Amino acid sequence: MSKVGIIGAGAWGTALAAALARGNNQVELWALEEDVVESINKEHENKRYLPGYKLPENLTATADIKKAAAEKEYIIMGSPSLYLASTIKKFVDVPNVADGSTIIGSLTKGFVPSDDGPQFVLDTMEKALPACYKNSTVYIAGPSHAEEVAMGKITGLISASNHHRNAVKVRDLLRVPGILCYASFDTAGVQVCAAVKNVIAVVYGMLDAISETSEIFGDNTESLLMAAGLNEIQTIGFAMGATHYQTFTSISGVGDLDVTCKSKYGRNRRFGQDIIKTDMLSRFENLDDLIANVNKVGYLPEGAIACKYVHQIAEKKNLRLPICNSLYRMLNKETQPDSVISELIQMKVDSRELGLTRWW
């Protein structure tokens with residue numbers, strides 16, 4: 001039994017807390033909202049972010065972030081990327097964090113903006129934490145919709161860290177009923193997969209919506225798009241320091257991309273569908289306006305936010321990413337949704353640019 005603090009009571013943070021509690025760990029979940037704390041402690045349900053799923057009675061919640069972090073063997077961050085550093089600074093002076101005795105991991109997906117351009121989640125964390133955490137934080141990812149984790153359905157995760165012992169320790173912590181976890185030392189590759197698969201899933205959702213009434217697009221077409229999308233993820237990954245090609249052929253790459261594109265729980269797929277079916281983008285002037293007013297969407301499409309940072313990375317590193325770039329231009333109101341799909345799928349973009357010729 002380990003003492004674990006999870007910082008952030010969104011759907012994914014709550015679901016992982018429930019899984020760890022089922023594994024007989026002592027888990028304390030920090031929530032910003034008092035109503036979330038009350039519903040978890042009194043009714044054993046997160047009615048705001050994960051309604052309808054019963055939580056273990058040994059899972060407790062608190063609105064005191066320092067209490068959630070204090071005297072814990074593990075702290076797992078589940079806060080949004082834009083608030084990651086500021087949230088860490090609220091408990092950085094807790095003794096077990098200040099002296100580096102607690103292992104700290106993160107569930108946060110995406111890139112984080114900085115003066116030097118988009119940076120990884122772990123880099124952001126380590127800049128906010130004491131110096132002793134340099135190259136020792138852990139990234140947790142994999143095909144893992146919160147709803148199924150909350151139900152206890154078997155799920156695969158990756159525990160990635162430059163600190164090999166910490167990667168293995170978090171792997172062992174997460175090996176609870178319903179979760180199969182594996183250690184990785186390719187932090188760059190795993191973080192890129194977790195961020196960029198959401199971008200691909202938005203385009204996949206658009207194609208999925210169009211395919212419902214199309215005579216030329218179908219399941220075969222969607223698989224074509226997914227294969228090309230995986231190639232773009234790999235291109236960005238190696239450009240940003242990925243060390244193992246197996247990262248992209250394992251659950252971090254193929255697995256996470258597949259479930260994000262195809263699952264009924266996928267918010268990014270849903271966002272792509274809504275672009276076609278409800279003219280979602282008419283509510284926003286451009287991509288920056290969408291990001292600033294993302295609450296108008298009604299749910300969080302991480303891929304739309306990540307798309308901006310992927311575009312910045314591609315420009316800086318001179319990468320050819322037809323799918324990601326097409327989505328960026330569409331979200332920025334430079335082109336129309338139907339044009340994006342036509343250009344990508346009807347071979348108006350050369351197949352070599354989609355990265356497909358390397359497999360033929």
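Reader: With which residue does Asp208 form a salt bridge, and how far apart are the closest N and O atoms?

Author: A salt bridge is a side-chain nitrogen of Lys or Arg within 4 Å of a carboxyl oxygen of Asp or Glu. Here Asp208 pairs with Arg269, with 2.9 Å between the closest N and O atoms. Asp208 lies in helix α9 (residues 187-211) and Arg269 in helix α13 (residues 267-277), so the pair ties together parts that are 61 residues apart in sequence. Helices (H or I, at least four residues) and strands (E, at least two) are DSSP runs, numbered from the N terminus.

This is a predicted model, in which local features need pLDDT of at least 70 and side-chain atom pairs count only at pLDDT 80 or more, while totals for chains, interfaces and linings use all residues. Residues are numbered from 1 along each chain as its sequence is written, and side-chain values use heavy atoms, with hydrogens and water left out.

Reader: Does Asp208 count as buried or exposed?

Author: Buried means under 20% relative accessible area, exposed over 50%, and partly exposed in between (1.4 Å probe, protein chains only). Asp208 is buried because its relative accessible area is 13%; Arg269, at 17%, counts as buried too.

Reader: Which residues are linked with Glu28 in a network of salt bridges?

Author: Glu28 is linked with Lys67 and Lys72. The side chains of Lys67 and Glu28 meet at 2.3 Å, N to O. Lys67 lies in helix α3 (residues 65-69) and Glu28 in strand β2 (residues 26-30), so this pair ties together parts that are 39 residues apart in sequence. Glu28 is buried at 9%, whereas Lys67 is partly exposed at 45%.

Reader: Where do the buried residues of helix α8 fall, seen down its axis?

Author: An α-helix has 3.6 residues a turn, so residues three or four places apart point the same way. In α8 (residues 164-173), the buried residues are Asn166, Ala167, Val170 and Leu173. They fall within an arc of 125 degrees, so they line one face of the helix. The arc is that of the directions from the helix axis to the C-beta atoms.

Reader: Which residues of strand β5 lie on each side?

Author: In a regular strand the side chains alternate between the two faces of the sheet. In β5 (residues 103-106), Ile103 and Gly105 are on one side and Ile104 and Ser106 on the other, all buried. Four bridges join β5 to strand β4 (residues 74-77) in parallel, and two strands pair if DSSP finds at least two bridges between them. Met77 has Ser106 as its bridge partner in β5.
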